[in-house]
Amino acid sequence: MMLKLKVNFRFASFFATVCSSSRSQYRNYKVPLSPILLESRDFKLIHRKNWYLISAVYQKRMASSSENNDNKPTDDGKKEDEPKFRNKLALERSPYLLQHASNPVDWYPWGAEAFKRAIEEDKMIFLSVGYSTCHWCHVMERESFENEEIAQVMNEHFVNIKVDREERPDVDKVYMTFVQSTTGGGGWPMSVWLTPELKPILGGTYFPPDDRYYGQPGFKTILQHIAQQWQVNREKVLEQGSRILEIITQSMSLKAFSESGKMPPSIECIKNCYSELVQTYDKDYGGFGSAPKFPQPVVFNFLFRKYSLNPEAKEGKRCLEMALQTLKMMARGGIHDHVGKGFHRYSTDQFWHVPHFEKMLYDQGQLAVSYLDAYQITKDNFYADVAHDILEYVSRDLRNVNGGFYSAEDADSLPTPAATRKKEGAFYVWTEEEIRDILSETVQNTPLTLADVFCKYFDVQSEGNVDPYQDPHHELKEKNVLIAKISEEDCAKSLNIDVNVFDEAIQKGKKLLLEARMKRPKPHMDDKFVTSWNGLMISGFSRAAQVLRDSKYAQYAMDAAQFLNKHLYDPETGCLLRSAYKGSNGTIAQILSPIPGVLEDYTFLVRGLLDLYEATYDPWCLEWASRLQMTQDCLFWDAADGGYYNSVSTDPSIVLRLKEDQDGAEPNPNSVAVSNLLRLSNILVDISLQDKAAKILSLYSHRMMMLPMALPEMLCGLMFYYSNYKQVIITGNKDSEATQELLKQFHELYIPFKVLLLANSDSEKVLSERLKILERSDESSSDSVAYVCQRNSCSLPVSSPSELKKLLLDSDQQSVS
């Protein structure tokens, strides 16, 4: 196929590069091949079944490689007031779909109208999946979808459907599984050809428009060949579609790999995951594996939790060391936006220096928690400052006035207002001349300018500091991506200035550069609201309110939760919606047929609500989390084999009902569900929820034993399941000084396996069963007391923070049972 494969057995995953020229910051997020597919004996058969459709294209292309090709990419430099074309995407709300509304391609959104037309006209479907901040999606649009000649072929022979993967992760997952199975990797844009019955036949990622690249067939050639095969080999194509779907269905069955045990796996798989992380750890620059390097919050969660099990053990200390070093190197690197704050998607190099510049909400929410965990453990303000930094970016740039959070910011933007072509990173990078012009002010009582200090600390060079290998298209030539290669103290010493003077100069320089940067053309903002990602951000702000003791963060989290409850929840059915959209004049808009929520919307939001309760102690959070969990169980639970499906059973357009099998940029919803179920089981005193958690762990036991690094977040759930976790119940008025002091003491300690409840008149209804455990406890004359319970046995009540701290750190408690 067109894709160049890279096999990494250490991670038990395959990766695909969309084309040779994209081995740079222009490579979009790569999708690792499913561990389940790696274990399938039918994997090679899928390749063979898929090969015949494309092999003839290669033979034809090689036979005519000397022929001239006059199919040229379109020029995107023209600006037109009115679009020449308008297709059905113009009626949509998704920013990604609207980007393609003026293509000459007759695009349809995913839905019954397109499916009906494919059947009635007896045409195959071309499915294109991407998202609005995807660089290579923009490239393929410019080269192929804006090309009228290519569009004519598409419109004549296919029903063309465009999908925003962030709106329809269920659709994306089905066909990405197919692409992974047949090519060995995947990514976006994703291109798949389907039968009218939605069965996939052929797929890949980015295709160049013509045949000019290394003798490989271009997009137009492939379109023409597939159309021909549909006419002359119809039965074979249909047979192949059915057979491939059957193989993938069998291969993706977790049940086939879970027969070795009906119980959750032993803690041995936790040790195996630790060992694999140690082997792949980059001792010099942090992170795991080679470039490109991605933030891996699920790995930080695993490392911090394993550390907490035995902080004094060698393994525990090593876990903490790896997590802290990686977080520190990321924060100092170019993946961190030092001027505008927040984190970019990933680093193209080993050093965390040159990023792919898009910013995603789900990264900000998860990384905020990682840095807060680091601060809670170490009390090092460095990590607290980075957490503040992330949350300031989100609240400033991604927060809607109604409380919800937007999805992402693009990597590409116009370098100047007069420019006609966007460039990767243009909004974020600097020449030395620009910095010296903006930061010309002298640092007080020194001969240095702000620029002298700033350029020294952030490695700003006159010729630029970007390795040309990371910039094959020369878009970053003579530009600087800010990176702090030395510590503040060492830099101040080398400049012979006081460290406080140094810090003040750096902060002032950042402020001035941000003011200058805001005058540049801004990157595109994907201003849709995704329920699951808002759930992750609610957790981020809630944890910040707990750890940093800042009430504004709790308010931001509560505003977001109430936003979701108002705009993305149907109280009559108890169901969530997947997405909503920014309307005009501060309104929130919705499409005519709103998209139902998928599993991750429920699991991530339930976790967010449980975290929000521990920041606000508002029983409404527990009540709504409980209702959402009930709906989740009804819609997605597999009563036969356990675990949750990604999608509902009632959508006929989903030809494969799958269960996520790994933790990636976002955690596996089943991994999050394990911890949610254990927390809710304890809060609501409902053993059936704990049983569900055990069934999920049992279902994934083979995966965790064979490929533990694929499921670090689920291993966190396994640690929770086996832990003697603490139930902390504090009684008293929420706003009293005594209660607040006890809560403050609780949140100062890193205790990942715990449940915190505030028992007062407000919470009597939702916590009635849980509070029965205290009925035999001695009454205290104090306004506020705390009980620390384990295994349904509670300590005597304590009223001072120091006594509570002792109980929290001591597993041997005096029991009243």
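User: In this predicted model, how many residues of strand S22 (residues 785-790) are buried?

Analyst: This is a predicted model. Strand S22 covers residues 785-790 and is mostly covered. Both of its faces are covered: Val785, Tyr787 and Cys789 lie on one side, with Ala786, Val788 and Gln790 on the other.

User: Which residue of S23 is the bridge partner of Cys789?

Analyst: S22 pairs with strand S23 (residues 793-794) in the antiparallel sense, over 2 bridges. Cys789 belongs to S22, on the side with Val785 and Tyr787. Its bridge partner in S23 is Cys794.

User: Which residue stands opposite Cys789 on the S20 side?

Analyst: Strand S20 (residues 726-731) runs antiparallel to S22, and 5 bridges join them. Opposite Cys789 in S22 stands Gln727.

User: Which residue in the turn of the S22 and S23 hairpin has a positive phi?

Analyst: The hairpin of S22 and S23 has 2 residues between the strands. The positive phi there is about 55 degrees, and the residue is Arg791.

User: Which residues of S6 are buried on the side away from Ser191 and Trp193?

Analyst: Strand S6 (residues 190-194) has 5 of its 5 residues buried. In a regular strand, side chains alternate between the two faces of the sheet. Ser191 and Trp193 take one side of S6.

User: Which residues stand opposite Val192 in S4 and S7?

Analyst: Strand S4 (residues 124-130) is antiparallel to S6, with 5 bridges joining them. S6 also pairs with strand S7 (residues 200-204), antiparallel over 4 bridges. Opposite Val192 stand Leu127 and, in S7, Gly203.

User: What is the phi of Leu198 in the hairpin of S6 and S7?

Analyst: This hairpin has 5 residues between its strands. Leu198 takes a positive phi, near 75 degrees.

User: Is Asp559 buried or exposed?

Analyst: Asp559 lies in helix H20 (residues 551-567). Beyond residues up to four places away in sequence, Asp559 touches Arg399, Asn402 and Gly403. Its relative accessibility is 18%, and the cut-off for buried is under 20%. Asp559 therefore counts as buried.

Technical notes: Residues numbered from 1 in each chain as written. Predicted model: local features only at pLDDT ≥ 70, side-chain atom pairs only at ≥ 80, totals over all residues. Heavy atoms only, no water. Buried < 20%, exposed > 50% of the residue type's maximum accessible area, 1.4 Å probe, protein only. Pairing = 2+ DSSP bridges. Contact = heavy atoms within 4.5 Å.
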